[in-house]
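This report is for a reader meeting the structure for the first time. Please look over the sequence and the model before reading on.

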Amino acid sequence: MIQHTLRAGRRAVSPSLRCFSETSGGEIIGEDGFERTGSPRPTKQASLYVHWPYCLRRCSYCNFNKYIPRENNDHIMTECLQRETETLLQLSQVSCVTSVFFGGGTPSLAPHSTIDAVLNTVSRWAYLSDKAEVTLEVNPTLAGKSKLEDYCRAGVNRLSIGVQSLQDEDLKILGRDHSSHQALQTVEEARRLCPGRVSVDVMFGRPKQSVASWENELSELLRVCDDHVSLYQLTLERGTQLFKQVLGGEMTVPAEDVTAEMYQCARRTLHQHGFLQYEVSNFARHKAVSHHNTSYWKGRQYIGVGPGAHGRFVPLGEEGVLREARTQTLEPGAWIREVQQRGHGTRRRIQLGHLELLEEVLVMGMRMTDGINHKHWEMFSPQLGLREVFGTSRDVQELLQSGQLILDDRSLRCSWDGLVFLDSILPTLLVELERQISQRLQRDHHSDGQTKSRTCSPR
Amino acid sequence: MSFSLAKRWCDAPLMRRVLQFKGYRRKIQSYNNMTYTLFRHRWMKRLPVFSGLKMASTHTGKDTIDLSKFPVDRIRNFCIIAHIDHGKSTLADRLLEMTGAIVKTDKNKQVLDKLQVERERGITVKAQTASLIYSHQGQQYLLNLIDTPGHVDFSYEVSRSISACQGVLLIVDANQGIQAQTMANFYLAFEAQLAIIPVINKIDLKNADTERVELQMEKVFDIPRNECIRISAKLGTNVEAVLRAVVERVPPPAASTSDPFKALVFDSNFDHYRGVVANIAVLGGRVRKGDRIVSAYLGKSYEVNELGLLRPDEHPTQKLFAGQVGYIIAGMKDVKEAQIGDTLYLQSQPVEALPGFKPAKAMVFAGMFPMDQSDYQALRSAIERLTLNDSSVTVQRDSSLALGAGWRLGFLGLLHMEVFNQRLEQEYNASVIVTAPTVPYKAILSSPKLIKEHGSAEITIVNPAQFPDRSVVSEYLEPMVLGTILTPDSYTGKIMSLCLNRRGIQKNMLYIDDQRVMMKYLFPLNEIVVDFYDLLKSLSSGYASFDYENAGYQAADLIKMNILLNGLPVEELITIVHRGRAYSVGKSMCERLQDSIPRQMFEIAVQATIGSKVIARETIKAYRKNVLAKCYGGDITRKMKLLKKQAEGKKKMRRFGNVEVPKDAFINVLKRKDK
């Protein structure tokens, strides 16, 4: 309770602070109006991803951007995360941060003060509703568990627990630093702190795993989990220890057909327990979806802070009409230096053209079981509706006829059966999208060059 | 017209399978030590080193040689024949140096530069002819060394060269002994009734076993041991004896200056500035600059603009006399005007034409397609330029639904094809898809209507899609070759079963000494064009050598095999096979397709059929799941890249019904297998 009051108080101050710092007065009113009606201008809001790059050890399957720290520099890291948050929020001119996600690495290694500091910074430079989802990835060790309460006090209101497996032997193979017992305890504690807002991550397709053992594991998990489950198939990534082991024949992973069966089996089981699949790997009960992740799939803006973080937003500037794909410097040391020198560690900026933006919207949107509804598409492509783009293609027709794809008054989406083939369906859709857009461009070009564009192309 | 081999090819991976196997180390070594190839400028380059040494017996610098000083009885025409890497070019270099044939002229620089480019690419294109002037017992002799390409693919060229000679130097490596090509070349010379001078080279090598090789020569060729000349071309040891033997053992050409002029065209080059340069052997009379000559083949007349000796660079003279060998430039604009084997005579004194040669026949065919259709024009001009100097390559336009527009090229043999491909890649930087080689089949038509249509009952089938149906054919024929294999006897068993497996029929088997066996097999050419050589090499640890000569056509039970994808035929994969091999060929094609067609959302049946009968089948299982587990903000870029690549690939796929086949799959099935 205390924390909530604190946060609310902070926010009561900070937005107005920000308002003053902002130059053009007219916009502020507009913003508030948008916020109230619940549909702010897309470029005025974004979600925020914060990357904590450190881990205590390397998991055998993980190729993420993570580092085993040699010395404690939590303090500097925290300062830099704050500093970059501040810089990028200003640059993006975002007035409302819709959600925050602390990922890693192992963000549950960060002191709770870091979370607190970053959230404070966010609130200082943008509006962060106290209802906004603030998720923290948690490594289910005893140490992690003990800190959960502090995190929540700092403002975290959703916890994503990396359970991965309930088999201790498998956890060892995966190089995890916790036991299944510790994981279960952590889930319990998390549910106590954030009831209805706890997610568990589990992995299938692990070495030696069978469909039967997976089924057992799932039912065990369903007994203890909260309202959200993320399922990931273990993918062998180059450069990981597991990759080498499998390549060298020391380890085998289940065959393609077996993992397909595991996936289907999990979908069925979860469905039977009231978990609706809302995305390829994500299942929720009682509408407990991850808002932060959903905003990725809906093609909304996001700001990435921290070493190697990615972002997609329209930056302030003369050419500031196009969304940029931004990547921060990978290596923490270098990133820290850059942030200290120029306020941010953005290493790469690539402007997304109209087609590229639509491609991302399509690829991400189709991962959701609801797919892309007409309104959602129209926000990005006001001139060319879903039916116009996809309705005429013979290849798309085949997908529709085979029942894998659905295009109706509601949306373009995969059927239950089609979703497992999404990566085969997408190339067909991408080919069609490109063709339609380039045809459209040519037609516009021919008709005349004066009208169109700018105002219509969303960001 | 002809290729000869530069040593460096041997190190190029493509060539390994065709060239001779053992002893790369030595090749490299010899390259470093001596640097001989068959390039003119290489010889010329040596001049500074040797000019001071052994110029004694030669002419005086730039002065025109008075060829009338060399009556027929002081002329010797000979060539050197050897298995690859037995030291032919090294010996040739020595002979040139010892007779001072390497002359510096003002033209050198230009020639050198021009050929430098070729040299860098490591290919010798033309066999060389060099006239050597040699003093023997106080007399000057004109020795015409007519160099020959080393490989049996070019035995046609070898026989052409031989026809201008009266003697040969048969070189055998003192370490390796008689090899397959030694045999082939020997018989060519033997049949042409030439004087054969056996030379055992590389006697300086540590492992040289000269005695054993002499025994082999005696056993296999019936050459008395004491006739063999033991030399080291590398060190120059005893090379003088070779020159002496040429004078003493090779008879002078049977030609008379008092006859009317008559010359045999045995080779030709194309020069962009001067037109055709024909190499001729004068068989009677004399010819001089300004004479009007006639080509017996075309009946066209030309004026002689330039003529002379090849030493080995062109050395203009006023005349050429009976018995001599040289070059002639007479305003021919097209290589086809200087038909190999043609007879030239004076317009004023017509003579009976010489029997000439049968034109070289393409025996191995392969499709060549640009990797990307936008490179079509570039590839076309590359092929045109390459074939300009090699009329033995036949070129036919071809197009494949899978691979686009391209050509079907015919080659004299496998090495010929390799050489051509390599030049195409190296000189023109062309990415070429080369399809698996096929051979020309024949069919004897039985339908009168078809016979009328084709103009004869016998037709040659190069493109499998044009294979006539059994019902209109009385007989199919396939080309045969007589293969010679030389191997240490410990591999005999394995090699015999390989040959049997390739439908080979053993014709002969002989121990040429107590360890080495020579076997002769009659093979269908089709059975040896793809991977026979590689297999032979690998199962004999590289010790066996192989060579073949064409042996006409034989009736064969040939059938057309189709490949179906989910029941729909794929035209570009139609194959002609022998009935007995249909199953294994069909199975391997199906397997290759199975490996290279990506799984799709439905099952794909890959079938090989003959008529309506399925003889092999592989199934590409439908995948049951294809979706990336995880995709959040940070994963988008990577995921997009992957999907975009797939989308691009999709545009390029060929579709059979709803089966999508990437171009790579066709390439994998159609192209030659990598080793």
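The text below goes through chain A, a sheet and a helix of chain B, the aromatic pairs, and some single residues.

This is a predicted model, in which local features need pLDDT of at least 70, side-chain atom pairs count only at pLDDT 80 or more, and totals for chains, interfaces and linings use all residues. Residues are numbered from 1 along each chain as its sequence is written, chains are lettered from A and ligands numbered from 1 in the order in which they are written, and side-chain values use heavy atoms, with hydrogens and water left out.

## Chain A

Chain A has 17 helices and 15 strands. Helices (H or I, at least four residues) and strands (E, at least two) are DSSP runs, numbered from the N terminus. Of its 459 residues, 56% count as buried. Buried means under 20% relative accessible area, exposed over 50%, and partly exposed in between, with a 1.4 Å probe and protein chains only. The accessible surface of chain A is about 20,200 Å², and carbon and sulfur atoms account for 52% of that surface. Such areas come from the Shrake-Rupley method with a 1.4 Å probe, and for residues only the protein chains shown count as cover. Among contacts (heavy atoms within 4.5 Å) between residues at least 6 apart in the sequence of chain A, 72% join residues at least 24 apart.

Why is strand β11 (residues 324-328) of chain A described as largely enclosed by the rest of the structure? The description holds because 5 of the 5 residues of β11(A) are buried. A:E324, A:R326 and A:Q328 point one way from the strand, while A:A325 and A:T327 point the other way. Strand pairing requires that DSSP finds at least two bridges between the two strands. β11(A) pairs in the antiparallel sense with β10 (residues 310-313) of chain A over 4 bridges, and A:H310 has A:T327 as its bridge partner in β11(A). β11(A) also pairs in the antiparallel sense with strand β12 (residues 346-351) of chain A, over 5 bridges. There, A:Q328 stands opposite A:T346 in β12(A).

## A sheet and a helix in chain B

Chain B contains an open sheet of 6 strands, ordered β2-β3-β1-β4-β5-β6, with mixed pairing. Its edge strands are β2 (129-136) and β6 (229-230) of chain B, each of which pairs on one side only. Within the sheet, β4 (residues 167-173) and β5 (residues 195-201) of chain B run parallel and are joined by 7 bridges. B:L169 stands opposite B:I197 in β5(B).

| Helix | Strands touched | Angle between directions |
|---|---|---|
| α5(B), residues 88-98 | β1, β2, β3 and β4 of chain B | about 150° with β1(B) |
| α9(B), residues 210-221 | β4, β5 and β6 of chain B | about 130° with β4(B) |

Helix α19 (residues 663-670) of chain B has the buried residues B:A665, B:F666, B:I667, B:V669 and B:L670. What covers these residues includes β20 (432-434), α17 (582-596), β32 (654-656) and β33 (659-661) of chain B.

## Aromatic pairs

Over all chains, the structure holds 23 aromatic pairs. Rings of Phe, Tyr and Trp (its six-membered ring) pair if their centres lie within 6.5 Å; planes under 30 degrees apart count as stacked, over 60 as edge-to-face and the rest as tilted. A:F421 and B:Y623 form a tilted pair, at 5.8 Å centre to centre and 35° between the planes. This pair crosses between chains, from the loop between β15 (411-414) and α17 (422-447) of chain A to the loop between β31 (613-620) and α18 (636-651) of chain B. A:F421 is buried at 10% relative accessibility, and B:Y623 is buried at 12%. Ring pairs also link B:Y521, B:F523, B:F532, B:Y533, B:F546 and B:Y548 into a cluster.

Most residues other than glycine have a negative phi. A:K287, not a glycine, has a positive phi of about 60°. A:K287 lies in the loop between β8 (282-284) and α11 (291-297) of chain A and is exposed at 78% relative accessibility. B:Q137, also not a glycine, has a positive phi of about 50°. B:Q137 is in the loop between β2 and β3 of chain B and is exposed, with a relative accessible area of 69%.

Methods. Axes fitted to C-alpha atoms, helices over the stretch in contact; angles between N-to-C directions.
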